[in-house]
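Some comments follow on a pocket, a helix pair and a few backbone details. Please read them beside the coordinates.

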Amino acid sequence: MAILEFGRRYVEGGMGSVSMAISSAAREAGAHIVTRAEVSQLMINDSGRVNGVQLADGAQVHSSIVLSNATPYKTFMDLVPGNILPDDFILSIKHSDYSSGTTKINLAVDKLPQFQCCKLSHPDPGPQHVGTIHIGSESMEEIHSACQEAVNGLPSRRPIIEMTIPSVLDKTISPPGNHVINLFIQYTPYKPSDGSWMDPAYRDSFANRCFSLIDEYAPGFSSSIIGYDMLTPPDLEREIGLTGGNIFHGAMGLDSLFLMRPVKGWSNYRTPLQGLYMCGSGTHPGGGVMGAPGRNAAGIVLQDLKKSLN
């Protein structure tokens, strides 16, 4: 039985449309946005205050205020020069939990999956294609087993899969007759003990394992695949800068939420480095497409600016 969860909403044109809408609003307000400009490190003045950023090409951008949307680890361990931050703060950041057991697979297919449980014979989109479809999570025992295998260094034999099909509602992201399918998969260790994510054959083997599981619920799914792209935890770290491949910039357990996010004593978006603020998912209230960390951080920056002008 595949489990269907309703309430899913999609952005026309894909999630990139959210970023485009935000950037358009920012430009209208006078912001200047530069992309493909990798930051190599933060610049610190003689008084120990942030003074801007240095780019990978050597260019410098001066500013008395810097907001970082990178992970806490990336920000403080890679971008802040050494011997600037307190030792106890560095220790807390370094030993925070950035592990991740998730992999994302994006597919192009030439037909919609037909789920056996729906007992339908027509290929047209239906309500069963609109929500989030959960596969391989029929019991707590099955979920626990999948998780424990990853803890032991092995990708789950029967992964837990969340499937969405945004092209059912958004006709702008796929040609007529074809569809885009997104799979959010658990659990995959960062460093498998039985192979490497750098090995194409190993990657294909796991992807086909996921597709075969879907075949059990929607026969013929594998044969409908035109192509796919897979992002494992190391891929997410390398391509997007997510430490450990964690999509939330760090674990969202009880020991790393609210006053403990990103670390104890620094949950108010400020940092030990004056002028540097955190505004990403590594801050309260955590990950998710909501913009709350950024909005909250912006409010704190405005408060501090007003204080400095008084």
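**Notes on the model**

1. Helix 4 (140–151) and strand 9 (179–186) each contribute at least two residues to the lining of the second largest pocket. Helix 4 gives the largest share, three residues. Helices (H or I, at least four residues) and strands (E, at least two) are DSSP runs, numbered from the N terminus.

2. This is a predicted model, in which local features need pLDDT of at least 70, side-chain atom pairs count only at pLDDT 80 or more, and totals for chains, interfaces and linings use all residues. Residues are numbered from 1 along each chain as its sequence is written, and side-chain values use heavy atoms, with hydrogens and water left out.

3. The volume of the second largest pocket is about 400 Å³. Of the 23 residues that line it, Ser99, Ser100, Gly101, Thr102 and Asn246 are the closest to its centre. A pocket is, on a 1 Å grid over the protein atoms alone, an open set of points where a 1.4 Å probe fits, with protein on both sides within 12 Å along at least five of seven lines; lining residues have an atom within 4 Å of a point. Grid points are joined across faces, edges and corners, and the volume is the space filled by probe spheres set on the points.

4. By class, the lining has 12 nonpolar, nine polar and two charged residues. Ala, Val, Leu, Ile, Met, Phe, Trp, Tyr, Cys and Pro count as nonpolar, Asp, Glu, Lys and Arg as charged, and the others, Gly among them, as polar.

5. Helix 2 (residues 72–79) packs on helix 3 (residues 87–94) at about 135°, with the axes 9 Å apart; axes are lines fitted to C-alpha atoms over the stretch in contact, and angles run from 0 to 180 degrees between N-to-C directions. Pro72, Tyr73, Phe76 and Met77 of helix 2 meet Phe89, Ile90, Ile93 and Lys94 of helix 3 (contact: heavy atoms within 4.5 Å). Seven of these residues are nonpolar, none polar and one charged.

6. Cis peptide bonds join Arg261 to Pro262, with omega about 5°, and His284 to Pro285, with omega about 5°. Pro262 is in the loop between helix 6 (233–240) and strand 11 (276–278).
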